[in-house]
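Hi,

Here is the structure I promised to pass on. Have a look at it first, and then read my notes below.

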Amino acid sequence: MENRSKTDGFKLGRFWSTLITLCIIYLIIKWVIPFVSRWLTGLPFPLPVPGTLALFYIMLTIIALYVYISFSEERLEEFLTPIRRLLLGMYGSRTRTVVLAIIPLLFGWQIYSATVPKVSSPTSLRIQHPSSNFPKDMEALKNPLINPGDAEVDKFIEEVKGNNVQFIPEAMGEVEKVKGKYENILGFIPTESMQAFLKDMKTGNVSRDKARQALREKYLFEGKILYAMNCRPCHGDSTGGDGPMADGFRLRPINFTENGTIETIVEGYTFWRVSTGGRGLPQEATPWDSAMPVWKADIPEEYRWRIIMAEYELAQKTPRQPEKLAEGEGKK
C-alpha cells in the first residue's frame, strides 16, 4: 500500500507536460521529418522543413495547447501555479533571478542568430546544368512534335475535315467549355497560323505546311494544359520560378525567362532533366540539388515533349542548337 501511494503521488504537472510536448514537436520537425524524408526519397541528403513552415507548425501547436489548457479552469490553474510560485520566490530567490535572467538572454540570442549576417563558402562548386551523366546520344535529340511527319499531318487534316480532332484526355475539360461555340472545334485557338489553316480548310485549298503549323499549335495547347497540371505549382504561370509552392523549397525553381537558363541547353538535355528529375543529377549539382520529381515515372514521353514545347513558348525562349548541327548549318 505504501509503494502504491508513492507511485500515485507522482505527477508531472500541466506546465511541464506542455513544455515537453512543445519540445517533442520541435524535435520531430527539426530532426525526425528530415530523417524520414531521406529514407523515403533515397537521396544522399535530408530534406529539411522550411523555417516558415516549421514556425507555422509550432504556432499551431501552441494554439492547440492554449485552447486545451484554457478550456478548463482547473487545467489553467494547474498550468499557472509553477509560474506564480517562481515569481513569488517560493523556489528560492536565487532560482527566480537565474530564470528571469536566462529567458531574455535566450530570446535575445535567438533573434541575434537569426539576423546576424553569415559569411560561409559553399561546400563545393555547383554547376547549374551538370552533364556528367547526361547521355551523349541525347545531345542531338529534337522534339518530334515540332516537325510532325507527313503521315501524322495527313491524319490531322482528315480529323479537321470531319471536325473530329482528337485531344489528350487532360485537355478535354477545356475543350468541352468551348465546344459548339465555333464552326470547327479548333476555332478556339486564336493563333494566326491556326486561323489561316482553318480558313484554307473551308476553301479546300489545304497546304501541308500550314496544317503542320496548325498541328504544332494543337500540341502547344495540350502542352500548356499539362504544364499547368504538373509544373505550374513550382515554376509559375510564366515559367518564372514563382509558383505558389516555390518558396517552400531550399533551392527555388529556376526562372526560365532569364537569360542563361533553358536557352543555353539543347532540347535533349531539357528532356533528360524533366524525365530524371532531381534524382538524376550528379554530384556537381550539390549542395542544393533539385526537388523536381522523376517525371518519366508518371508522365508518358509524348506528354513530356508537349510540356517542353510549352515551357519554351511560355518563357519566350528557343533551345540551344547542338554543336554538330550548328557546325553543319555554318558550312552550308
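How many aromatic pairs does the structure hold? There are ten in this model, which is a predicted one. F15 is buried at a relative accessible area of 16%, whereas W16 counts as partly exposed at 46%. Together with F79, F15 and W16 form one aromatic cluster.

Another pair joins F167 and F188; this one is tilted, at 6.3 Å centre to centre and 45° between the planes. F167 lies in the loop between α6 and α7, and F188 in the loop between α7 and α8, so the pair ties together parts that are 21 residues apart in sequence. Both F167 and F188 are buried. The ring of F167 also has the charged end of K218 over it, 5.5 Å from its centre.

V160 touches, among others, L186, F197 and M201.

Lastly, do look at α3, residues 51-70. Its buried residues are A54, I58, T61, L65 and I69. They cover an arc of only 65° around the axis, so they sit on the same side of α3. These buried residues pack against α2 and α4, while the face turned away from them carries the exposed T52 and Y66.

Happy exploring!

How values were computed: Residues numbered from 1 in each chain as written. Predicted model: local features only at pLDDT ≥ 70, side-chain atom pairs only at ≥ 80, totals over all residues. Heavy atoms only, no water. Contact = heavy atoms within 4.5 Å. Helix = DSSP H or I, 4+ residues; strand = E, 2+ residues; numbered from the N terminus. Expected span 1.5 Å × (residues − 1). Buried < 20%, exposed > 50% of the residue type's maximum accessible area, 1.4 Å probe, protein only. Arc of directions from axis to C-beta. Phe/Tyr/Trp six-rings, centres within 6.5 Å; stacked < 30°, edge-to-face > 60°. Lys NZ or Arg CZ within 6 Å of the ring centre and 35° of its normal. Lists of a residue's contacts leave out its neighbours within four places in sequence.
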